[in-house]
Amino acid sequence: MKLNIFEINSALLYPLRLSFYILLALILLSSTTQKATNSKALSQVKVYVEAHASSKKQFERNTSQNITVANAYDVSGSLPSGYVKDGSKDYTTYIQQALDAHDDIVFPAFPLLVNETGLKLHSNHNLLFTKGSQLLLKPSSKQNYDIIAIRECNNVSLSSPVIKGDKFSHNGSGGEWGMGIGIYASTNIRITSADISETWGDGIYIGSNSGGTISSDIFIDGAYVRNCRRNGISITSAKNVTLQNPHVADMEGTLPEDGIDVEPNTHADVISNINIISPLTENNKGYGIEFSLSKLYGGENKNIDAMVSDHVDVSSRAAAYISCDPKNAVNGETVNGIITFQTPKWRRYGQNAWDPYGLKEKNIILAIVNPILINDNDQQLDQSAAVTVLKKEIFPETQVYIFNVEL
């Protein structure tokens, strides 16, 4: 029996057609599955965003504190006779005596020099810095210091602190832990309108004490942190933290050189209910905002959650970096949770808009909602182009979602 050419072509094409239909079915199934997965992830993100909004409002009510000049002790009353007002003499001991004796403190309208010992606060302290007041650090050779230390304290308020470190006058080259304000194992801390610059390490550091007690209920509003050597603001172990309207710029000197760095030191640390609202990060040699979570491995399973809303980055290495790699797990433990960037506005300027490729933990949801990208020519990309750019940087098989939706 002979087959004509049509019959031969049909015989050859049949398996190809079958393969095509099978492939099409798989693609449709995959698309349906992906849509269901995206819908489920979006639902989780919506619940999470609503929970964070409610938590933030409650926290702001609980941390509201008032301090006025009229009812506060003036630090100048503890200074020696004939004190200078140009910040040229070390008055650390005198200032500490005032802090030890009084809860409500007002700093005078001139600069005060303090040494590497720094100032140590106690619970229920309320500090007000008047216009013209400033703490200047005397050049130090120490690798670590806190110009203001809030250690194992409850209910502390700082209003308009102005702090300048010794980045350009430091006597040595080692270390990276000279902090403007160090918060350790403390609760209910409120800092408003801080102006911190030129510290040897971080402008503001939030973490635990040596015993592992974390910090919680930290509210920092309107911080302007610039030109520090390591990071602008570091969060290493804390829950219920709100950074509202921080402006963090020009970090450079020693790694990671980020604007804001959320990075635990050990598996015992906690990263929970972190809210970063309307941050402006610019010209940081590192990233605008970094989440580096791999050190949470090494013990039990860990849960994390953080939300960044209305982030604007200009000319940092990249706007955001996210990493968590299960190769650091010791016994199959996982890091679980959700990180959301809501309505970020990222200027690329020849760099990647973000770098999530270090996120390899499949149990973390990373959601980017309504992103705005500005290209090298200062033009806003349309939504489709923005999504395409962002998707290029995603590590395969992770839960990274990019949504253009109203929450």
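A: Let us begin with Lys-239, which stands opposite Ser-272 in S20. Please keep in mind that this is a predicted model, in which local features need pLDDT of at least 70 and side-chain atom pairs count only at pLDDT 80 or more, while totals for chains, interfaces and linings use all residues. Residues are numbered from 1 along each chain as its sequence is written, and side-chain values use heavy atoms, with hydrogens and water left out.

Q: How many bridges join strand S17 to strand S20, and in what order do the strands of the open sheet come?

A: Strands are DSSP runs (E, at least two residues; helices are H or I, at least four), numbered from the N terminus, and two strands pair if DSSP finds at least two bridges between them. Here 6 bridges join S17 (residues 238-244) to S20 (residues 271-277), and the two run parallel. They belong to an open sheet of 12 strands with parallel pairing, in the order S1-S2-S5-S8-S11-S14-S17-S20-S23-S26-S29-S31. At its edges are S1 (73-74) and S31 (399-403), each of which pairs on one side only.

Q: Is Phe-341 buried or exposed, and which residues does Phe-341 touch?

A: Buried means under 20% relative accessible area and exposed over 50%, with partly exposed in between (1.4 Å probe, protein chains only). Phe-341, which is found in strand S26 (residues 335-342), is buried, with a relative accessible area of 0%. Contact means heavy atoms within 4.5 Å, and, not counting residues up to four places away in sequence, Phe-341 touches several residues, including Phe-291, Val-308, His-311 and Trp-346. Phe-341 and Ile-276 are 65 residues apart in sequence, and their C-alpha atoms are 9.4 Å apart in space.

Q: Which residues of helix H3 are buried, and which exposed residues does the face turned away from its buried side carry?

A: One can look at the arc, which is that of the directions from the helix axis to the C-beta atoms. In H3 (residues 383-391), Ala-386, Val-387, Val-389 and Leu-390 are buried. They cover an arc of only 160 degrees around the axis, so they lie on the same side of H3. The face turned away from that buried side carries the exposed residues Ser-384 and Lys-391. The buried residues of H3 pack against several strands, among them S28 (354-359) and S29 (364-369).
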